Amino acid sequence: MKCDFRIGNGYDVHRLEAGRTLTLGGIAIPHTKGCVAHSDGDVIIHALCDALLGALALGDIGRHFPDTSAEFAGIDSKILLRRTCDMVQENGYELVNADITLLLQAPKIAPYVEQMRTTLASVMGVAVDAVSVKATTGERMGFVGREEGVEAYAAVLLCKA
Ligand code: MG
């Protein structure tokens with residue numbers, strides 16, 4: 001059967017530590033804690049990259065951008081997202097839409113959601129209404145609720161270009 005659509009889902013998690021920069025959805029968010037990571041620790045972008053790669057069965061972000069490589073130390077994850085979108089294009093597909101859910105206890109993310117959507121859409125070269133960013137707390141339960149970590153889930157739909 002010939003099908004022009006591919007779906008993908010992605011997940012990422014990072015530990016939070018005091019005194020680090022918190023980068024989510026491609027933007028810096030003022031907070032007392034940030035992600036411990038080889039890159040900038042942007043869980044939203046990492047989940048999104050994994051969803052895009054997953055849609056095309058191209059493996060995962062660790063295969064394409066290994067955290068053992070000095071090239072990716074402290075890298076702006078927007079660069080990884082752009083490169084992942086290039087792979088999507090090279091494989092003859094384009095993004096229809098992406099839907100992201102962030103799990104973070106603090107700070108409140110609502111004031112930053114529109115800027116995240118605009119930033120992600122611009123990096124991926126799609127309309128802002130193709131990118132959804134939603135957030136929830138951990139209701140004070142688990143590692144998210146204790147402010148020990150942050151998680152993100154992403155779902156994407158691609159169609160043949
Ligand atoms: Mg990650």
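What order do the strands take in the open sheet? Keep that in mind as we go through this one. It is a predicted model.

The answer is β4-β1-β7-β5-β6. That makes 5 strands, with mixed pairing. β4, residues 33-36, and β6, residues 131-136, stand at the edges. Each has a single partner strand, so one side of each has no neighbour in the sheet. From one strand to the next, the twist averages 30°.

Look at the β4 end. β1 and β4 pair in the antiparallel sense, over 4 bridges. Arg15 stands opposite Val36 in β4.

Now the other end. Helix α4, residues 113-124, lies across β5 and β6. Its direction is about 145° to β6.

Next, the metal. Which residues coordinate the magnesium ion? Asp12 does, through OD. His14 uses NE2, and His46 uses ND1. The distances are 2.1 to 2.2 Å. In sequence, the donor spacing reads D-x1-H-x31-H.

His14 has 15% relative accessibility, so His14 counts as buried. His46 has 7%, so His46 is buried too.

On to the core. In soluble globular proteins, nonpolar side chains tend to be buried together. Here the largest nonpolar core holds 47 residues. Leu24, Leu81 and Leu120 touch the most other members. Several elements supply at least two residues each, among them β2, β3, α3, α4 and β7. Which element gives the largest share? That is α1, with 10 residues.

Take Leu24 as an example.

Thr23 sits in strand β2, residues 22-24. At 13% relative accessibility, Thr23 falls under the 20% cut-off and therefore counts as buried. What does Thr23 touch, leaving out residues up to four places away in sequence? Ala28, Asp40, Gly41 and Asp42.

Methods: Residues are numbered from 1 along each chain as its sequence is written. This is a predicted model: local features need pLDDT of at least 70, side-chain atom pairs count only at pLDDT 80 or more; totals for chains, interfaces and linings use all residues. Side-chain values use heavy atoms; hydrogens and water are left out. Donors are N, O and S atoms within 2.8 Å of the metal (3.2 Å for Na, K and Ca); water is not among the atoms, so sites may look incomplete. Buried means under 20% relative accessible area, exposed over 50%, partly exposed in between (1.4 Å probe, protein chains only). Two strands pair if DSSP finds at least two bridges between them. Axes are lines fitted to C-alpha atoms, for helices over the stretch in contact, and angles run from 0 to 180 degrees between N-to-C directions. Contact means heavy atoms within 4.5 Å. A nonpolar core is a set of buried Ala, Val, Leu, Ile, Met, Phe, Trp, Tyr and Cys residues joined through side-chain atoms within 4.5 Å.
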